[in-house]
Amino acid sequence: MVLSGLDWGIIILYFAVVFAVGFRFARKERTSGQYFLAGRNVGWFAVGASIFATNIGAEHFIGLAGSGAASGLAVGAYELSAVFCIMVLGWLFLPYYLKSKVFTMPEYLDRRYNPECRWFLTVISLFAYVFTKISVALFAGAILIKAVLGWDPIVSAVLLVIATGVYTVAGGLAAVIYTDMVQAFILIGGSVVLTVLGLDRVGGFEGLRAAVPPDFFHMIKPASDSVYPWTGTIFGVFILGIWYWCTDQVIVQRALGARNLTHSRGAALFAAFLKTLPIFILVLPGLIAYTLWTDEVSANPDMAYPFIVTRLMPSGLAGLMIAALLAALMSSLSAVFNSCATLITMDIYRKIRPDASEKRLVTVGRLVTAGIVVVSILWIPMIRLLSNQIYQYLQSVQAYVGAPITAVFLTGILWKRATGKAAIVTLI
């Protein structure tokens with residue numbers, strides 16, 4: 001894409017707003033509770049928007065649109081499953097989390113079971129965040145930036161990691177949540193505009209339905225389907241969804257920062273509503289791309305979203321779409337940076353130094369966040385070695401890890417007789 005002056009103006013305005021919001025809250029952070037959990041005083045609207053923005057990364061733009069172009073709306077089952085999982089978070093898990101006043105998910109396992117479970121989950125989570133979440137975010141972001149703007153992916157990734165790290169280090173969770181809130185509506189706004197332009201190009205829903213195979217609009221596939229069997233998209237995805245939405249530090253930490261249980265549940269409801277949108281603003285554009293450029297998209301479905309961005313977005317609105325893509329990447333990175341810092345500071349450093357002052361904990365949290373940013377920058381050259389096959393592999397690894405964690409958390413809440421020994425054996 002060739003960006004106009006207006007496009008650049010929108011992108012510059014986006015960065016200005018994000019940094020202004022981030023540094024506004026940076027001046028307010030004093031205690032560990034304020035830095036890592038935003039003082040447990042955030043309203044439902046901001047928390048719900050942050051949960052949504054944290055979840056939606058650059059990989060969603062590529063993956064959901066690509067799957068939509070290849071198989072239709074069936075991939076939307078993942079998004080609908082998330083709606084129910086977020087409800088489980090709000091009405092089953094959060095009352096226990098908030099009552100125990102924990103900072104992290106491993107800390108909850110320590111209180112419910114034993115320290116071994118805490119150490120196990122801490123190590124597994126940190127490993128997964130650095131080698132899967134950050135890797136996947138940078139890999140997908142590099143593909144999008146290269147395909148849409150032609151920028152060097154390594155240079156772009158370094159700049160975005162540094163930009164994200166600056167306000168995350170300075171402001172902690174409050175800065176992350178409120179910048180996420182801004183970014184959520186930027187990425188929704190850009191995606192909605194693009195979807196409307198695409199539907200207009202193909203003749204609306206009627207034109208789209210007439211142009212794609214009939215089964216593209218079937219979300220429930222037969223059990224014999226090789227990619228989206230209904231048994232997997234209903235039951236299997238729900239098991240992984242409980243792990244991701246109800247026990248993963250990156251997601252749950254936002255809800256822990258809410259003002260009280262009422263606000264936490266309000267945030268869950270709002271986030272659940274927002275999670276219905278990707279079917280229409282991320283999966284549907286894949287079908288539109290398939291309709292407009294069938295041969296090219298069939299050969300490489302992952303290019304569905306870059307095609308529709310570069311070929312349909314008019315000058316002036318392209319800047320909004322670029323800002324939306326940047327928002328998706330930066331919100332995911334900031335969430336991982338902040339959660340890694342919380343895990344290392346509260347689950348490792350505070351365990352080793354239980355007498356550390358509040359000021360010391362905040363300082364360590366900032367230093368750890370900066371360290372994670374440096375590790376991410378050093379890791380960036382490795383994304384050149386990543387491929388779609390490795391990307392799928394990384395996602396599969398998370399699937400294996402998720403089921404036992406789901407079992408341990410669910411059993412711990414639903415069955416008082418569950419023991420620590422059983423929990424650690426299950427995790428291993």
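Axes are lines fitted to C-alpha atoms, for helices over the stretch in contact, and angles between N-to-C directions run from 0 to 180 degrees. This briefing concerns a predicted model, in which local features require pLDDT of at least 70 and side-chain atom pairs count only at pLDDT 80 or more, while totals for chains, interfaces and linings use all residues. Residues are numbered from 1 along each chain as its sequence is written, and side-chain values use heavy atoms, with hydrogens and water left out. The protein contains 19 helices and zero strands; helices (H or I, at least four residues) and strands (E, at least two) are DSSP runs, numbered from the N terminus.

**Overall form**

- Along its principal axes, the C-alpha trace spans about 65 × 50 × 40 Å.
- Of the 428 residues, 58% count as buried (buried means under 20% relative accessible area, exposed over 50% and partly exposed in between, with a 1.4 Å probe and protein chains only).
- Among contacts with a separation of 6 or more, 85% come from residues 24 or more positions apart; contact means heavy atoms within 4.5 Å.

**Helix 3 and helix 12**

- Helix 3 (residues 44-55) packs against helix 12 (residues 261-274) at an angle of about 45°, and their axes are 7 Å apart.
- Helix 3 is therefore oblique to helix 12 (angles under 35 degrees count as roughly parallel, over 145 as roughly antiparallel, 65 to 115 as roughly perpendicular and the rest as oblique).
- Helix 3 passes helix 12 in a right-handed crossing; a crossing is right-handed if the near helix is turned clockwise from the far one by less than a right angle, and left-handed if anticlockwise.
- The contact involves residues including Trp-44, Phe-45 and Phe-52 of helix 3 and His-263, Phe-270 and Leu-274 of helix 12.
- By class, this contact of helix 3 with helix 12 has 10 nonpolar, three polar and no charged residues (Ala, Val, Leu, Ile, Met, Phe, Trp, Tyr, Cys and Pro count as nonpolar, Asp, Glu, Lys and Arg as charged, and the others, Gly among them, as polar).

- Lys-275 lies in the loop between helix 12 and helix 13 (278-292), and at 2% relative accessibility Lys-275 counts as buried.
- Leaving aside neighbours within four places in sequence, the contacts of Lys-275 include Phe-52, Asn-55, Glu-79 and Trp-245.

**Helix 6 and helix 7**

- The axes of helix 6 (residues 105-112) and helix 7 (residues 115-149) come within 7 Å and cross at roughly 160°, so the two helices are roughly antiparallel to each other.
- Their crossing is right-handed.
- Met-105, Pro-106, Glu-107, Leu-109 and Asp-110 in helix 6 meet Pro-115, Cys-117, Arg-118, Leu-121 and Thr-122 in helix 7.
- The residues of this contact divide into six nonpolar, one polar and three charged.

**Positive phi in two loops**

- Most residues other than glycine have a negative phi.
- Ala-38, in the loop between helix 2 (32-37) and helix 3, has a positive phi of about 55° and is buried, with a relative accessible area of 14%.
- Lys-101, in the loop between helix 5 (76-100) and helix 6, has a positive phi of about 55° and is exposed, with a relative accessible area of 56%.
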